[in-house]
Amino acid sequence: MKHYDAVIIGFGKGGKTLAGSLAGMGKKVAMIEKSDKMYGGTCINVGCIPTKSLVNSAKASVIQKPGSYEEKNRLYWEAVEEKRRLTGMLRKKNFDKLNDLDNVTVYNGLGSFVSANRVKIETAEETLEVEGGQIFINTGSVSVIPPIKGIEGNPYVYTSVSLMELDVLPKRLAIIGGGYIGLEYASMYTDFGAEVTVYQIEDKLIPREDRDIAEAIQKAFEDKGVHFEMNVQTEEIENAGSEAVVHYKKDGTALTAGADAVLIATGRKPNTEGLNLEAAGVEKTPRGAVKVDEKLRTSVPNIWAMGDVAGGLQFTYVSLDDFRIVKDQLTGSGKRASSDRTVPYSVFIDPPFSRVGLNEEEAAAQGYHVKIAKLPAAAIPKAQVLRKPVGLLKAVIDADTNKILGTMLFCEESYEMINIVKLAMDAGLDYTVLRDQIFTHPTMSEALNDLFAV
Ligand SMILES: Cc1cc2nc3c(=O)[nH]c(=O)nc-3n(C[C@H](O)[C@H](O)[C@H](O)COP(=O)(O)OP(=O)(O)OC[C@H]3O[C@@H](n4cnc5c(N)ncnc54)[C@H](O)[C@@H]3O)c2cc1C
Ligand SMILES: NC(=O)c1ccc[n+]([C@@H]2O[C@H](COP(=O)([O-])OP(=O)(O)OC[C@H]3O[C@@H](n4cnc5c(N)ncnc54)[C@H](O)[C@@H]3O)[C@@H](O)[C@H]2O)c1
């Protein structure tokens, strides 16, 4: 049996970065990836990169103003082809980057535990076992499929992964779930020319956000033609031959609507299926994630977990930061931890929504005495220049200390601006620093002067 210093299960962001880093230190590494279509992980193959490529193509499609459905469909097909080119290129680059290293072996097979230091690999040709001094679980997450009648085996039903592979633009797209994936797909498919309806189980979208922000986002979507069915229970997705029929209940009334495709976007859960964690003694949380402490150590001393499977926020850069935490224990001071990080995020709708820190509801619940600052995007000269005067900016400030507790930016280029606020928060700066900062003009960032002028 082959022995490796490190065995990594899953070619995700944290795992691949760790593999390269350990190999650079002369360690012998095994990287196990179950699918040859997933080298590089979710982000580059079926997550961030392909969706943002499609978002970009969808915006270009709006500018071209296609008239007929055939013209819209052609632009959509070209966008899907471009997405395939991009992901294919990145997948190869990611594979080569590790495979070209002398002391890394990439196995294309399903990894599962035999014991705390032995992993079984089932490839297309053989089943083998390898031994690892240290083992790292980086198996990501998978879509949650809700118990709605008619989903299984229904050719009209898609996940975020399979919908992006559809070559034909659905004329009518039904989206079950009004979270981050639901909204990103609603935005891009509307821009491509589909008629989109979002079925949301709760009475607000993106439930973790403040109500005023969620309402501003909903209004912007409605203004561009997206239809929302809020507070509804989806009961069945029927395969009616030439179309899908969504059966749902609203205020006690049973309703139906036809669709050419139905996207299930009701969340993603940690992917531990088939890992046989019990054989290694690795414990899970009640929500099904690998149980880790703030240093990402599992219940077994030589095994760590990184990324979505560890149950934290599901973002690529969190997985990357998980790598930093693990590396710090292997080669550094061991002080780095997941408990003291502030994680910003951006949702790539149009305009984008970005957030860092606490929102107003959370700050109130934690007992802070806050000052709230708000600014409509229409007040920003650059938003007018870009012809995107849509949106709302909001900041939550600790009135006792002048520190920024959180900021929510629903406006053009917010995915860049939010990183400035995150830096200010990490540096422990008073909000007045952003209020008084000299920014270049005309930029979206200069709006931080006005937002923080409270
Ligand atoms: C549609 C969509 C859009 C997104 N957009 C963004 C975005 O814009 N920005 C952002 O930061 N995040 C985004 N995310 C989230 C982001 O993609 C994930 O948080 C991130 O990719 C998780 O990385 P990871 O390191 O946990 O593992 P992953 O990248 O998920 O990698 C896990 C790998 O493990 C493999 N695997 C699983 N089980 C086994 C096994 N038993 N044996 C061997 N291999 C196995 C899988 O095939 C996979 O390749 C998006 C996600 C989705 C679905
Ligand atoms: N730009 C980004 O960084 C980005 C983009 C997309 C996804 N992601 C990551 O992927 C994760 C998963 O995204 P998601 O949107 O699938 O999950 P989510 O948890 O954000 O949203 C799920 C939504 O579905 C609703 N819902 C649940 N069950 C339902 C049902 N039966 N019928 C109708 N609605 C129902 C919920 O109320 C919620 O609004 C995100 O949390 C995020 O971390 C990141």
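Predicted model: local features only at pLDDT ≥ 70, side-chain atom pairs only at ≥ 80, totals over all residues.
One of the backbone N or O atoms of Lys34 sits 3.1 Å from a nitrogen atom of ligand 1. Asp308 also uses its backbone: an N or O atom there lies 2.8 Å from an oxygen atom of the ligand. Asn138 uses its side chain instead, with an N or O atom 2.9 Å from an oxygen atom of ligand 1.

How much of ligand 1 does the protein cover? On its own, the ligand has 1,000 Å² of accessible area, and the protein covers 94% of that. Several elements give two or more residues each to the shell: the helices α1, α2, α3, α6 and α9, and the strands β2 and β3.

Now look at the shell itself. There are 38 residues around ligand 1. Glu33, Thr42, Lys52, Asp308 and Ser319 come nearest. By type, the shell holds 14 nonpolar, 18 polar and six charged residues. Two domains take part: domain 1 (2–143 + 269–340) and domain 2 (157–266) each supply at least three residues.

Next, turn to the record. An unreviewed UniProt entry lists Lys52, Gly111, Thr139, Gly140, Ser141 and Asp308 under "binding site". These residues span 257 residues in sequence, and their farthest two C-alpha atoms are 29.9 Å apart, so they do not all gather at one spot.

Take one residue from that list, Gly111. Where does Gly111 lie? Find it in strand β3. Is Gly111 buried or exposed? Its relative accessible area is 7%. The cut-off for buried is under 20%, so Gly111 counts as buried.

How values were computed:
Residues numbered from 1 in each chain as written. Chains lettered and ligands numbered in written order. Heavy atoms only, no water. Near = heavy atom within 4 Å. Polar contact = N/O pair within 3.5 Å; in protein donor to acceptor, adjacent residues only side chain to side chain. Areas by Shrake-Rupley, 256 points an atom, 1.4 Å probe, with all protein chains shown as cover. Helix = DSSP H or I, 4+ residues; strand = E, 2+ residues; numbered from the N terminus. Nonpolar A, V, L, I, M, F, W, Y, C, P; charged D, E, K, R; others polar. Domains from an automatic or database assignment. UniProt positions renumbered as here; feature names shortened; annotations may be inferred. Buried < 20%, exposed > 50% of the residue type's maximum accessible area, 1.4 Å probe, protein only.
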